Amino acid sequence: MPKSSSPLEGKLLLSSPTLRDGSFDHSVILLAEHSPSDGAFGLIINHPSGQMVGDLLTAKEFSPISHVQVHIGGPVSKGHMTFAAFWEEDSSLRFATRISAEQAMGHTQNSGALVRAFVGYTGWSKDQLEDEVESDSWFVVPMPDSILSLNHDRELWKTILAGLSPFHKILAGAPGNILAN
């Protein structure tokens, strides 16, 4: 991961079960950039769209990444596609976001690298994310070492949340609408 002056950058944000908004319901967000003065940028890593890059970019030049899964990165700028790559280097997890298709192609050549495409992203203005964390809308957790081997689907939220503590395990197993029970 890039060096950061922000203690939040490079962390995962797990949405609180009370955050029932369609975009953020059971979301796991990689907080890729954070600056208290400028705001934050992240990508929802567990909302696959069901499409591959080849379904959206059909030109032959994109064939090396045609098999890459496309995820819904967030509610902002859904008409734009960007790429991210995750890999291990020197026993540390690294990532790069907002990379081009050409850079994504390069990362697919690296054994063990995980490349994803994202349409949309999540963003917060100055102080907005801090206020949401303070109001318990998000659980801030370190990225688990096992992130490359986990499925980046809707179950990722439950898997990571359940591993935090016995309390969080109960939250992860609770029904969707707990008041209906």
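These are my notebook entries on one protein chain, taken from a predicted model.

**Entry 1: the fold in outline.** I began by listing the elements, and I found five helices and nine strands in the protein chain. Reading from the N terminus, I wrote their order down as β-β-β-β-α-β-β-β-α-β-α-β-α-α.

**Entry 2: overall dimensions.** I looked up the spans of the C-alpha trace along its principal axes, and they come to about 50 × 40 × 35 Å. Next I checked the radius of gyration: the protein chain has 16 Å, which agrees with the value near 16 Å for a compact globule with 181 residues.

**Entry 3: inside and contacts.** I asked how much of the chain is buried, and 40% of the 181 residues count as such. Then I turned to contacts with a separation of 6 or more; residues 24 or more positions apart account for 62% of them.

**Entry 4: surface and charge.** For charge, I have 12 positive and 20 negative side chains. The centres of these two sets lie 4 Å apart.

**Entry 5: a look at helix H2.** Which residues of helix H2 are buried? In this helix, residues 101-108, I noted Ala-101, Ala-104, Met-105 and His-107. Seen down the axis of H2, the buried residues fall within an arc of 160°, so they line one face of the helix. I then looked for what covers them, and the cover includes strand E6 (76-89), strand E7 (92-99) and strand E8 (114-124).

Key. Residues are numbered from 1 along each chain as its sequence is written. This is a predicted model: local features need pLDDT of at least 70, side-chain atom pairs count only at pLDDT 80 or more; totals for chains, interfaces and linings use all residues. Side-chain values use heavy atoms; hydrogens and water are left out. Buried means under 20% relative accessible area, exposed over 50%, partly exposed in between (1.4 Å probe, protein chains only). Helices (H or I, at least four residues) and strands (E, at least two) are DSSP runs, numbered from the N terminus. The arc is that of the directions from the helix axis to the C-beta atoms. Contact means heavy atoms within 4.5 Å. The radius of gyration is taken over C-alpha atoms; the globule rule is 2.2 Å times the number of residues to the power 0.38. Lys and Arg count as positive and Asp and Glu as negative; His and the chain ends are not counted. The place of a charge is taken as NZ of Lys, CZ of Arg, CG of Asp or CD of Glu.
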